[in-house]
Structure formats: C-alpha cells, structure tokens
Amino acid sequence: MSALAFALVLAAAIAHASWNIAAHGVSRAGMPFLWWGAIGSTLLWAGAIPFTGGLGTDDLGAFALGVGVSAFLHVGYMAVLQRGYQVGGLSTVYATARGTGPFLSVIIAVLVLGERPSIVALFGVAAIIVGVVAIGLVDRGRRVDADRPRIDRGLLFGVLTGVAIAVYTIWDAHAVRAWDLSPVAFMVGTTALQVPFYSFAVRGRWRVVWALGRAQWRRILMFGVLSPLSYILVLTAIQIAPVALVAPLREVSVVLVSLFGAFVLRESRAGWRIAASIIVVVGIVLLAV
C-alpha cells in the first residue's frame with residue numbers, strides 16, 4: 001500500500017473513532033440520530049462539492065446510479081445493524097460485523113475486482129481482523145444466559161451486517177473507480193438519498209427528533225463533520241489502493257475507541273483490549289511493509 005493511501009485510511013480511522021467517542025451515548029437514540037446525521041452530513045458537506053472536483057464526471061446517469069445504489073445499501077446496512085442490536089448482544093453483533101465485513105470485502109475484491117494483495121499484506125489483513133474481533137468479544141465471555149437459544153441471533157445478524165458492509169464497500173469502490181466519481185459528491189449524494197428513508201422511519205416521532213436536535217446539536221454537528229470526512233478519506237484511498245487492504249485497515253478505528261474505553265472510561269479487561277490492539281498494530285505494520 002502506498003504511503004498516501006496508508007495515511008488517508010489512518011486519518012479516516014481517527015476521524016471515525018473521534019465521532020464515535022464524541023457521540024458516545026447519543027447514537028443509541030437510533031433512527032432520530034440517523035436522521036439528524038444524514039441531514040447534517042448533507043448540508044455541511046454539500047458546499048464543498050464545487051471545490052473538490054464537482055461530481056467528477058459528466059455522466060449524470062452513472063452518478064445517479066452510483067449514489068442511488070449506495071444509499072439503498074447503506075440504509076439496508078443500518079436496518080440490519082439496528083435489528084441486530086435489538087435481538088442480540090452489542091459485543092456479539094459488533095465483533096461479528098466488524099470481522100465479517102472486512103473478511104468478505106477481501107474475498108470479493110480478489111474474486112470480483114481482480115485484486116492481488118501480497119502474502120505479507122494478507123497476513124496483515126488477517127491480524128487486523130483477528131484483533132478487531134477479539135476487541136469486540138471482550139465482554140461476551142462474562143455473560144451467561146441459560147435461556148439463550150442454540151442459534152445466537154446476535155451472531156446471525158452480526159454476520160448479515162458484515163455482509164452488508166462488504167457489499168456497500170465493494171459497490172462504492174466500483175462506482176468511484178469505474179465512473180471516476182468525486183468522493184465528496186458521492187458521499188453527499190448518498191447521505192441525501194438516505195434522508196427520505198429515515199424520515200419514513202421516524203414518522204410520528206418528530207417531537208423526539210426535534211428534542212434530540214435541541215439537546216445534542218453539538219454532537220450531531222461533530223458527527224456531521226467527522227463521519228462524512230472519514231468515509232471521504234476511505235473513498236479517496238480506494239481510488240489509489242486495493243480494497244482488500246483499505247477495508248481491514250479502516251477498522252483501526254475500533255482499536256482507538258477500545259483504547260479510549262480502557263484508559264479514559266476505565267472499562268473492564270483493559271489488558272485484553274491492549275493485547276488485541278497490539279495484534280491489530282502488527283497487522284498495520286505488515287500492511288505498511
């Protein structure tokens with residue numbers, strides 16, 4: 001991976017971790033928060049389109065197809081993720097999704113996009129995925145539920161979420177590469193098209209939506225800046241580096257959030273979190289070789 005692509009993805013991970021830390025708690029509001037996130041992201045970044053290459057293409061049909069499919073896939077991803085959190089444990093869903101998504105992205109990138117990462121890079125990918133899953137499973141071992149069904153529904157929805165992550169990652173990579181779309185315009189178009197979906201989801205709950213906006217506008221503003229920035233950086237990196245390497249490396253954000261929890265929030269099992277983070281760091285070093 002080139003030094004520029006590596007730096008872009010690490011910067012994306014830092015931005016992603018930052019908004020997760022800043023929005024800690026408020027993001028649990030669910031659809032009202034997602035509605036504000038889509039509105040804020042669209043409005044705050046739309047003005048940057050003329051200064052970042054416009055749409056990147058004169059083919060309006062290609063642009064519409066790219067952002068339309070991406071918006072549909074992202075909404076599907078959020079719907080499956082939210083459902084997973086309702087029926088399964090947070091750590092189970094999160095760890096499974098964050099491990100499955102990059103893993104499947106690598107496989108699809110090799111089989112469909114024809115990418116050929118080096119053996120060393122693939123070892124780095126494997127280390128990152130293992131470390132991310134280990135971080136997500138930190139708290140799982142402490143819960144014992146005698147009534148838990150044989151098939152863990154959280155595990156099932158975690159896998160489905162991972163599939164959704166892989167699908168939108170590969171589609172977005174294809175769109176920005178094949179049609180030379182501007183990452184900023186692509187991101188803005190995608191978030192704008194998500195607004196109607198989330199508006200339908202919060203129908204009848206507008207008082208809750210407005211109350212959340214008044215109470216948490218600072219965190220929503222930070223999300224509106226950092227969340228799109230994170231994905232814009234990823235899309236830019238995808239244009240110059242293999243998806244098979246970018247997809248796992250962006251999960252470094254999970255490590256940063258976990259370390260914040262261990263050292264700042266004093267969450268349990270700090271040693272386990274640090275050990276898993278070291279595994280991820282080893283993977284990062286291998287990708288940088």
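Analyst: In this predicted model, helix 2 uses Phe33, Trp36, Gly37, Gly40, Ser41, Leu44 and Trp45 to meet Ile220, Leu221, Phe223, Gly224, Val225, Pro228, Leu229 and Ile232 of helix 9; contact means heavy atoms within 4.5 Å. The residues of this contact divide into 11 nonpolar, four polar and no charged, where Ala, Val, Leu, Ile, Met, Phe, Trp, Tyr, Cys and Pro count as nonpolar, Asp, Glu, Lys and Arg as charged, and the others, Gly among them, as polar. Helices are DSSP runs (H or I, at least four residues), numbered from the N terminus. Residues are numbered from 1 along each chain as its sequence is written. Local features need pLDDT of at least 70, side-chain atom pairs count only at pLDDT 80 or more, and totals for chains, interfaces and linings use all residues, while side-chain values use heavy atoms, with hydrogens and water left out.

The axes of helix 2 (residues 31-46) and helix 9 (residues 217-238) come within 8 Å and cross at roughly 70°; axes are lines fitted to C-alpha atoms, for helices over the stretch in contact, with angles from 0 to 180 degrees between N-to-C directions. Helix 2 is therefore roughly perpendicular to helix 9 (65 to 115 degrees; under 35 is roughly parallel, over 145 roughly antiparallel, the rest oblique).

With helix 8 (residues 206-215), the axis of helix 2 comes within 9 Å and crosses at roughly 60°, so the two helices are oblique to each other. Here Pro32, Phe33, Trp35 and Trp36 of helix 2 meet Trp206, Val208, Val209, Trp210, Leu212 and Gly213 of helix 8. By class, this contact has nine nonpolar, one polar and no charged residues.
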